[in-house]
Amino acid sequence: MSKLFVLDHPLIQHKLTYIRNKNTGTKEFRALVDEVSTLMAFEITRDMPLEETTIETPVTQATTKVISGKKIGLIPILRAGLGMVDGILKLIPAAKVGHVGLYRDPVTFTPTEYYIKLPSDIEERELIVIDPMLATGGSANDAIHSLKKRGATNIKLMCLIAAPEGIEVLQKEHPDVDIYLGALDEKLNEKGYIVPGLGDAGDRLFGTK
């Protein structure tokens, strides 16, 4: 069974409150998502392996630690996932970025893949799939299946908020994929929206309706 991490850092929870607020405008919403993504990246990279290296400080020689060559790939699910990428790249600037485009039918909620572009060496990378919301789990499930079909074996999922229904789907379909959240919400409503949620993340990020 995959592990579920709800990142309850006070700064993440504080900023999520303003992200949820319906009166938060596009500019502020975008900035807050960027900031929370940086904070979440700090937590999701906590288990990255280190190795020792020797350097010269201004005072003496020292044995210190660096990240041991772990290759990271960021895979935002289009389009809302794009809003989280820059925040993560602030901490992991060497990460390569791929994209998976999925369209969710508004009636059946079934996702359809319409675009995919990935780093050529995804089988060697630790991939972080990024989507602000994990609702039914359909988009994330299909995106992860697409990555595995192309050779990926080391995958994490990062979302701002999730519904229990989406968590259940992901843990059933991908027990090897750990899930990192800012918050786990109550449920989905009849339209497939997370409750209490934050509305449509893509529309609020890009000012569309």
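**Close-up views of a predicted model**

At 54% relative accessibility, Lys 90 counts as exposed.

**View 1. Asp 34 and Lys 90 form a salt bridge.** The closest N and O atoms of the pair are 2.3 Å apart. Asp 34 belongs to helix H2, whereas Lys 90 sits in the loop between H3 and strand S5 (96-97). The two residues are 56 residues apart, and the pair links distant parts of the chain.

**View 2. Arg 46 pairs with Glu 43 in a salt bridge.** The N to O distance is 3.1 Å. Arg 46 is exposed, at a relative accessible area of 57%. Glu 43 has 19% relative accessibility and counts as buried, because the cut-off for buried is under 20%.

**View 3. A salt bridge joins the side chains of Lys 148 and Asp 176.** Here the N to O distance is 2.8 Å.

**View 4. Lys 71, Asp 121, Glu 124 and Arg 125 are linked in a salt-bridge network.** The count of salt bridges in the model comes to 13.

**View 5. The largest nonpolar core has 35 residues.** Ile 19, Leu 74, Leu 160 and Ile 161 have the most contacts inside this core. Elements that each supply at least two of its residues include helix H1 (10-20), strand S4 (72-78) and strand S10 (154-162). Helix H2 gives the most, with seven residues. Beyond its neighbours within four places in sequence, Leu 160 is in contact with residues including Leu 16, Ile 19, Val 33, Met 84 and Leu 181. Another core, of 22 residues, lies apart from the largest one; among its residues are Leu 102, Val 129, Ala 143 and Ala 152.

**View 6. Leu 4, Val 6 and Leu 184 make a nonpolar surface patch.** The patch covers about 210 Å². Val 6 is placed in strand S1 (residues 4-6) and is partly exposed, with a relative accessible area of 38%.

**View 7. The protein chain has six helices and 13 strands.** Its radius of gyration is 18 Å, close to the 17 Å from the globule rule for 209 residues, so the chain is as compact as a globular protein of that length. Of the 209 residues, 47% count as buried.

How values were computed
Residues are numbered from 1 along each chain as its sequence is written. This is a predicted model: local features need pLDDT of at least 70, side-chain atom pairs count only at pLDDT 80 or more; totals for chains, interfaces and linings use all residues. Side-chain values use heavy atoms; hydrogens and water are left out. A nonpolar core is a set of buried Ala, Val, Leu, Ile, Met, Phe, Trp, Tyr and Cys residues joined through side-chain atoms within 4.5 Å. Buried means under 20% relative accessible area, exposed over 50%, partly exposed in between (1.4 Å probe, protein chains only). Helices (H or I, at least four residues) and strands (E, at least two) are DSSP runs, numbered from the N terminus. Contact means heavy atoms within 4.5 Å. Patches are made of residues with over 30% relative accessible area and no salt bridge: like charges are joined within 9 Å, nonpolar side chains (Val, Leu, Ile, Met, Phe, Trp, Tyr) within 5 Å. Accessible areas come from the Shrake-Rupley method with a 1.4 Å probe; for residues, only the protein chains shown count as cover. A salt bridge is a side-chain nitrogen of Lys or Arg within 4 Å of a carboxyl oxygen of Asp or Glu. The radius of gyration is taken over C-alpha atoms; the globule rule is 2.2 Å times the number of residues to the power 0.38.
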